[in-house]
Amino acid sequence: MAEKSIAVIGAGKWGQALHFALSQNQKCLITSRTKRDIKDFVDLQTALDCEYLVIAIPAQEIREWLQENFVFSGQKILVAAKGIEASTGEFLNEIYEEFVPSKNIGFISGPSFASEVIQALPAGIVINSKSKKLYEKFAPMFPRFLKTYYSDDVVGAEICGAYKNVIAIASGICQGLKLGNNARASLISRGLVEMQRFGKEFGAKKDSFLGLSGAGDLFLTASSELSRNFRVGLGLAGGKKLETILEELGEVAEGVKTSEAIFKLSKKYKIYTPIAKEVKLILDGKNPHDSLKDLLRS
Ligand SMILES: NC(=O)C1=CN([C@@H]2O[C@H](COP(=O)(O)OP(=O)(O)OC[C@H]3O[C@@H](n4cnc5c(N)ncnc54)[C@H](OP(=O)(O)O)[C@@H]3O)[C@@H](O)[C@H]2O)C=CC1
Ligand SMILES: O=C(CO)COP(=O)(O)O
């Protein structure tokens, strides 16, 4: 293993932004499934040989990718994805724990649009890990424009990052239907309560929902057209088919599949999650107007 070396795996929007950020303080390599003519691009094996890895492969794809490509040999890993596996309802930390010991892994959360990070605009992110030592190793690798915080609430951060994408879809629908700012604020704040209620069932800490990982990322994503999930909501409100919306987007919107996972988990554990449920029903074809009426009117 090449000691102190770092690589980003997955050169999508977020992977490239993280590569840019991590290249400020040290040399950072990058690799992806599709070869690209970009600075520091290497083959997968060269990246896997690095001591530090940042993995920016979407949640629904990661299990298969790990099974096919990854052998643990002491690497220290940060997971950049935000989502819950729809086929099993498993959180990313549960998937990764089959491959990586918990002291070697952390999860990035917090409000951080790739398009702003890649312009070196300031943001606060949280590195969530059972190991503070891991945080202390990664933190100095980030540039000053990304202020890093530590939390040991891995499951809380994961639920915040995944759930806010679903609320962002609902918020985009609300905006697309022109229901007004009051309605949108109601939806976002009820969404925060819903996320927290869901998280409680899995041992998440309340504070995570009130800080950068929860409220921070929710307010960002659920109120901006820079969010892919918010744009999915706008498209649904405009009567577009989901397939068309995703094709036009050309990037991942994790909230779509995550709403399925939340629906499943809520049923299994009997958790009251009305917004996520309506998002799932809309994605399955329910009229968005009827859904939002059901949610917002008494
Ligand atoms: N964009 C953002 O602002 C932020 C995104 N995130 C999260 O980061 C994750 C990635 O998002 P983002 O980079 O924006 O998404 P993109 O859609 O831009 O890119 C996803 C990348 O994942 C790679 N990929 C997809 N499927 C596979 C697979 N089966 N095997 C290997 N690689 C695969 C693709 O690589 P290739 O193109 O080489 O085929 C693609 O470039 C998501 O979970 C997202 O929620 C988190 C914070 C901010
Ligand atoms: O997680 C994000 C910002 O923190 C990005 O959100 P979208 O995937 O909706 O664009």
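1. A polar contact here is a pair of N or O atoms within 3.5 Å. Arg 36 and ligand 1 give such a case: an N or O atom in the Arg 36 side chain lies 2.7 Å from an oxygen atom of the ligand. Please keep in mind that the model is predicted.

2. Backbone atoms also reach ligand 1. A polar backbone atom of Lys 13 is 2.8 Å from one of the ligand's oxygen atoms. For Gly 12, a backbone N or O atom lies 3.3 Å from an oxygen atom of ligand 1. Taken alone, ligand 1 exposes 890 Å², and the protein buries 86% of that area.

3. Next, the shell of ligand 1. It holds 24 residues, and those that come nearest are Ser 32, Thr 34, Arg 36, Ala 114 and Glu 254. Helix α1 (residues 13–22) supplies the largest share, 3 residues. By class, the shell has 11 nonpolar, 8 charged and 5 polar residues.

4. Which domains give at least three residues each to the shell around ligand 1? Domain 1 (2–152) and domain 2 (155–297) each do.

5. Ligand 2 has 13 residues around it. The closest are Lys 164, Asp 217, Ser 227, Arg 228 and Asn 229. A polar side-chain atom of Asp 217 lies 2.7 Å from an oxygen atom of ligand 2. In the side chain of Asn 229, an N or O atom is 2.8 Å from an oxygen atom of the ligand.

6. A polar backbone atom of Gly 110 is 3.5 Å from an oxygen atom of the ligand. How much of ligand 2 does the protein bury? Taken alone, the ligand exposes 310 Å², of which 91% is buried by the protein.

7. Two helices deserve a look at this site. The elements that give two or more residues to the shell around ligand 2 are α10 (212–221) and α11 (228–237). The largest share, 3 residues, comes from α10. The shell divides into 5 polar, 4 nonpolar and 4 charged residues.

8. Domain 1 (2–152) and domain 2 (155–297) each contribute at least three residues to the shell.

9. A search of the whole structure finds 1 cavity of 30 Å³ or more. The largest cavity holds about 70 Å³ of space. Its lining includes Ala 81, Lys 82, Gly 83, Leu 92, Phe 107, Ile 108 and Ser 109. Ala 157, Glu 158, Gly 161 and Ala 162 also line the largest cavity.

10. Which elements give two or more residues to the lining of the largest cavity? They are strand β5 (105–109) and helix α7 (154–176). Of these, α7 provides the largest share, 4 residues. The lining residues divide into 6 nonpolar, 3 polar and 2 charged.

11. Why does the largest cavity lie between domain 1 and domain 2? Both domain 1 (2–152) and domain 2 (155–297) give residues to the lining, so the cavity lies between them.

Terms used. Residues numbered from 1 in each chain as written. Chains lettered and ligands numbered in written order. Predicted model: local features only at pLDDT ≥ 70, side-chain atom pairs only at ≥ 80, totals over all residues. Heavy atoms only, no water. Near = heavy atom within 4 Å. Polar contact = N/O pair within 3.5 Å; in protein donor to acceptor, adjacent residues only side chain to side chain. Areas by Shrake-Rupley, 256 points an atom, 1.4 Å probe, with all protein chains shown as cover. Nonpolar A, V, L, I, M, F, W, Y, C, P; charged D, E, K, R; others polar. Domains from an automatic or database assignment. 1 Å grid on protein atoms, 1.4 Å probe; cavity = no way out; pocket = protein on both sides within 12 Å on 5 of 7 lines; lining within 4 Å. Points joined across faces, edges and corners; volume = space filled by probe spheres on them.
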